[in-house]
Amino acid sequence: MLLIHCPYCEDSLPELEFTYAGEAHIARPADPSALSDEEWRDFLFIRTNARGPHYERWRHIGCGRFFNAIRDTVSDRFLTTYKAGEPRRPLTNEAAE
Amino acid sequence: MSRYRLQGKGRVDHSAPVSFTFDGKTYQGLRGDTVASALLANGVHLMGRSFKYHRPRGAVSAGSEEPNALIGTSRGAGRFEPNTRATVQELRAGLVTESQNKWPSLSFDVGAINDRAYMLFSAGFYYKTFMWPKSFWDKIYEPVIRGAAGLGKSPTEPDPDRYASRYLHTDVLIVGAGPAGIAAALAAAQSGADVTLVDENAEMGGSLLSDPAVLIDGKPAWDWVDAQLGRLRAAGVRLMTRTTAIGYYHQNMLGLCQRLTDHLDSPPKGAPRERMWRVRAGQVVLAQGALEKPLVFDGNDRPGVMLAGAAQTFLHKYGVKVGDNPAVITSHDSAYHAAFDLADNGARVAAIIDTRESPRPDLLDGARKRGIEVLPSHTVTTTRGRLRVKSVRAAPVRGTQVGTGRDIACDCLLMSGGWTPSLHLFSHTKGTLAWDGQTFLPDRKTEDCEIAGAGRGLWGYADVLADGAAAGLRALEGLGRAGHQASFTVANDRPGSGVSHTELPTDGNAGKARAFIDFQNDVTAKDIRLAVREGMRSIEHVKRYTTNGMATDQGKMSNINGLMIAADALGKEPPQVGLTTFRPPYTPTSFGAFCGYLRGETFQLTRKTPIDPWAEANGAVFEPVAQWRRAWYFPKAGEDMHAAVLRECKATRASLGIFDASTLGKIEVAGPDAVEFMNRMYTNPWTKLQPGRCRYGLLLGEDGFIRDDGVIGRLSPDLFHVTTTTGGAARVLTMMEDYLQTEWPELDVWLTSTTEQWATVALNGPNALAMLKPLVEGVDWDDFPHMSCAECTVAGLPARLFRLSFTGEVGFEVNVPARHGLALWTALIEAGKAYDICPYGTETMHVLRAEKGYIIVGQDTDGTVTPGDAGLDWAIGKAKKDFVGKRSLSRPDIVAKGRKQLVGLLTEDGSLLQEGAQIVLDPNQPKPMKMVGHVTSSYQSTMGHPIAMAVIEGGFDRMGETVFIPMPDGVRKAKITSTVFYDPQNERLKA
């Protein structure tokens, strides 16, 4: 079982307290009606499906907050977690710590 | 005492006899025995029949890797366990055991006919033999095979034992308390770190318990072990025996299964049988040692043929001589020591057959001194003996030529094909392996762990002890602590080496050789070669085609031998072929240990409403709904479900029904931006909804499909009381939170789950208003039409009152704080007596709503249904610029013709349709038929005929058409209708 660091609680807690919430940094368009069918399709359904580091969202059921994470889909390791609304973290060595 | 038990030898208590039964016969063993050692002490080698061929088998090992000696053990009612390894089960007074896979008896088994027909049962026989005729599969082959195959009998009664579970956080967890593990624990414990040392056996010491002559720091092995365990105990190290590390998971989480009572004569009442530990360790040291490999030759599975190391363990640990006249076949030095120790304890060793050309001179000396003949460059071509090995045929090998063999009489045959490092736990972590020419060793690590001793291919106690100490020190340093490197002096050490083989060379017909690799699944060398010949290239395919390594022992003995032979057949090197994946658990683990406390009432939370006690006292039949226990119907004496539901429905339509709706999901949406938030989340327009009014709300996913619905009341400009489906409450709140936190954090809104804070009672029927009115204070009845809400008191209790209907009758939902729920209910029942008030359950609720065509999200919708498909376009705020899912309602697929649409169905013959039944337009079309939809809801109704709802392609344009529902007993005809079967003009709501 993984330990996941909640950036709001500032604690590493068991995986059981968390749920996955899809890929991160896919913002809902401000005006969906302005999007073509293809653009809307991409927003709805097209995802990175990364092999390796993957930006994704998790929710800590304990505090109820959604946050962002970089998780390696091969090793299942969390490289870093950060609060919702923060910009995409670069994949630096620091993040990989 | 049997002549196979050596007086005073071993770690068993010779002054404490223990009697037990095996197949109905009583035997004597000693305290400290396993069932296997006790049977061997009685001269019994035959302990079971094999899985497929029903061949006679005996214990081949002395430990948890045992594939053959599987027995049923019984400790009274409900406490029967199949497939217990006789080499693991400790003896206790009165233990009842039985052999498996035999009929009528172990020594004469009818099923052994399979052995004669072995040509039929080769690799892939399932796929090839029983292809034709097809109908024979279900009726003949499958039942017969299932009857004949299988391992043991399943228990038939619930397990009455208790199982416990615990969490543990420790700095260093060391798995395996042999010499490497003990040395690692000594190193790790030296600076105050919290250290845990676990071992699956009853006693710690590992291989040292089977090598008492070794001297460490001048002390005999057993004295050294005792002294070190004392030191560890004094240093506060947690020592856990009978504790198997079953799995190694992410971030140094290990599962440990601790066996607590199976070895006790009379377990304390109520004591848990096993305890599952979930351990989070800072550092892990794997010191699991190595498992001895069998050699692969014809007849290597007869009772009496066993691993040389096992014989050595039976001798030293249990004081049991496995035979008077053993022969040895080996490709590793270690078997010489087993032979020497047996010879030194009175056995007459017939010969040591060594596959290698030049055995080590000191070993040859040792053999010569004891008068043991050594046959280098020899192979074994076959063995003889029906229920016990009687002789072994040894033949010289020159190059690839097998010379003339000779039969050597023996009463047991000890084999050693070398040792396989126990890599199971390491493999659970996805650690990679490297081939060293003979076997796989651990390579790249993914977790904070160290591997020490024989587990990484070392042999000889001096090397293993030094390695364990170094691993323990590295673990300590990994924690940021320091320690010093201990050293050990070892005398009488037993270092050694060996080579790995494919099948041993033979002069016989290799195609007829019964040379077993996987004893538990009866897989032979021939099966592996056949699999390769038939096109299996990947080791994973070979494994599945032959079932090699797929039994409960998870290939502990068979994997490397299988790989060697598969690689040879493929003409590749073993590392190019690779090893199959080891999966948890390391050894078979009882379901009870996994369940722990989570069984029966504690298996899953059962949520009960505040009104549940009344329902129970009044004879409700319950059904589970989304973890809730809900009253399903309230049968009166003599009523079946159908009669009860019909009575409840009619009473509600005629006068007054009362229903516990407390499970409805409730969310309070509050704040200055609440109305804006509601406008964005729900399809409906909310801005113009006045406080004191409510509205049916429809929630879509961003993909445009219906996610949830419910009536939503606006209590004040900035406060909405949202209701959701019973099962959807948590999901809807999560979805709302997601949008609020991540898409619209600028909105000033608070979301609060209030499902369990409110008890909700629904009153429905033409007399609902008359009955309720006198109990309510604070409502202006002149301005409280259908779809109104108010904060008021009901029966003197603070309440939120909603006027709405899920039945088509005049209806109310009274919400009171949960603590008042039962009081409200009883007050309403009392006041309702004047109107013959009728409590009803979820089934009546379903019938009444279906008669009105009200949908249940998740029953009439399935995640592919849009508002348009469900006939709910009226619920969409078309003037709104945006809401969740709006853009998707104009997606090409959503506006396309021919979507499945929700319609009503009435059967022509008045029969009840089955929910889930598929619908076709033409019942005479060729199969497979084109299915155009399915029945979503179907009930007996109050209108004298059943009603149904269904989703059907283009259903709205097919009103009045006939469709067909093919069922096993014939094709039903049904007419497509509106979904509103009852009071289509809503006259009754206006009453």
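Predicted model: local features only at pLDDT ≥ 70, side-chain atom pairs only at ≥ 80, totals over all residues.
Trainee: Which residues of chain B does the UniProt annotation "domain: GCVT N-terminal" cover?
Mentor: Good place to start. Over that stretch the chain is 26% helix and 31% strand, and the end C-alpha atoms lie 46 Å apart. The annotation comes from an unreviewed UniProt entry, and the range it gives is residues 613-880.

Trainee: How many charged residues does the contact of H18(B) with H23(B) have?
Mentor: The crossing of these two helices, H18(B) and H23(B), is right-handed. H18(B) contributes residues including B:Glu648 and B:Arg653, while H23(B) brings, among them, B:Glu843 and B:Glu851. By class, the contact has 5 nonpolar residues and 2 polar ones, and the charged residues number 4.

Trainee: Is helix H19 of chain B largely enclosed or open, and how many of its 8 residues are buried?
Mentor: Happy to go through that one. The buried residues of H19(B) include B:Phe677 and B:Met678, and their cover includes strand E38 (706-716) and helix H20 (729-743) of chain B. H19 (residues 674-681) of chain B is largely enclosed by the rest of the structure, because the buried count among its 8 residues is 6.

Methods:
Residues numbered from 1 in each chain as written. Chains lettered and ligands numbered in written order. Heavy atoms only, no water. UniProt positions renumbered as here; feature names shortened; annotations may be inferred. Helix = DSSP H or I, 4+ residues; strand = E, 2+ residues; numbered from the N terminus. Left-handed = near helix turned anticlockwise from the far one by under 90°. Contact = heavy atoms within 4.5 Å. Nonpolar A, V, L, I, M, F, W, Y, C, P; charged D, E, K, R; others polar. Buried < 20%, exposed > 50% of the residue type's maximum accessible area, 1.4 Å probe, protein only.
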